[in-house]
Amino acid sequence: MRTFFQTKPVSVLLAAATLSLVFPNVANAASADGARSKKSPAYSNSCATGMAVSLYNGLKIRAQPKNNATVIATAGLNDPYPCQLDTVRLGDRYNGCGVYNANGWLIIQIGPERYGYSAMTCWRDA
């Protein structure tokens with residue numbers, strides 16, 4: 001009987017250690033989310049002002065919210081463009097402008113009655 005009680009705590013410790021190896025960030029998830037929520041994003045979440053400013057030079061504006069869609073315009077660094085107010089389209093996932101696995105695309109006006117899509121993480125609200 002005594003052996004059972006001595007090995008049980010060891011088994012529990014081994015199980016806990018195994019979980020921490022499989023899920024290393026679980027313990028810090030709450031604190032990381034809390035710290036992250038205090039910061040405002042450097043990029044536009046939804047074109048809140050009706051104008052967006054490009055954060056990068058050579059930023060592509062595409063015909064559809066897809067990575068392989070035709071490029072219909074290119075924005076330069078700090079170029080302002082009208083965007084569809086409070087709107088984000090979900091499309092292909094992309095890695096860019098300091099964000100990984102994003103899929104939000106702003107609708108950018110590039111001319112009279114001409115619109116395109118660009119990765120929302122590469123724009124800020126004007």
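Reply: Strands are DSSP runs of E with at least two residues, numbered from the N terminus. A pocket is found on a 1 Å grid over the protein atoms alone, as an open set of points where a 1.4 Å probe fits, with protein on both sides within 12 Å along at least five of seven lines; lining residues have an atom within 4 Å of a point. This is a predicted model, in which local features need pLDDT of at least 70, side-chain atom pairs count only at pLDDT 80 or more, and totals for chains, interfaces and linings use all residues. Residues are numbered from 1 along each chain, and side-chain values use heavy atoms, without hydrogens and water.

Me: Which strands each supply at least two residues of the lining of the largest pocket?

Reply: The lining includes Leu-59, Tyr-94 and Ser-118. The strands that each supply at least two lining residues are S2 (59-62), S5 (89-96) and S7 (114-119).

Me: Which residue in S6 is the bridge partner of Arg-89?

Reply: Two strands pair if DSSP finds at least two bridges between them. S5 and S6 (residues 99-111) pair in the antiparallel sense over 4 bridges. In S6, the partner of Arg-89 is Trp-105.

Me: Which residue in the turn between S6 and S7 has a positive phi?

Reply: S6 and S7 pair in the antiparallel sense over 6 bridges, and Ile-107 stands opposite Tyr-117 in S7. Their hairpin has 2 residues between the strands, and the residue with a positive phi of about 60° is Glu-113.
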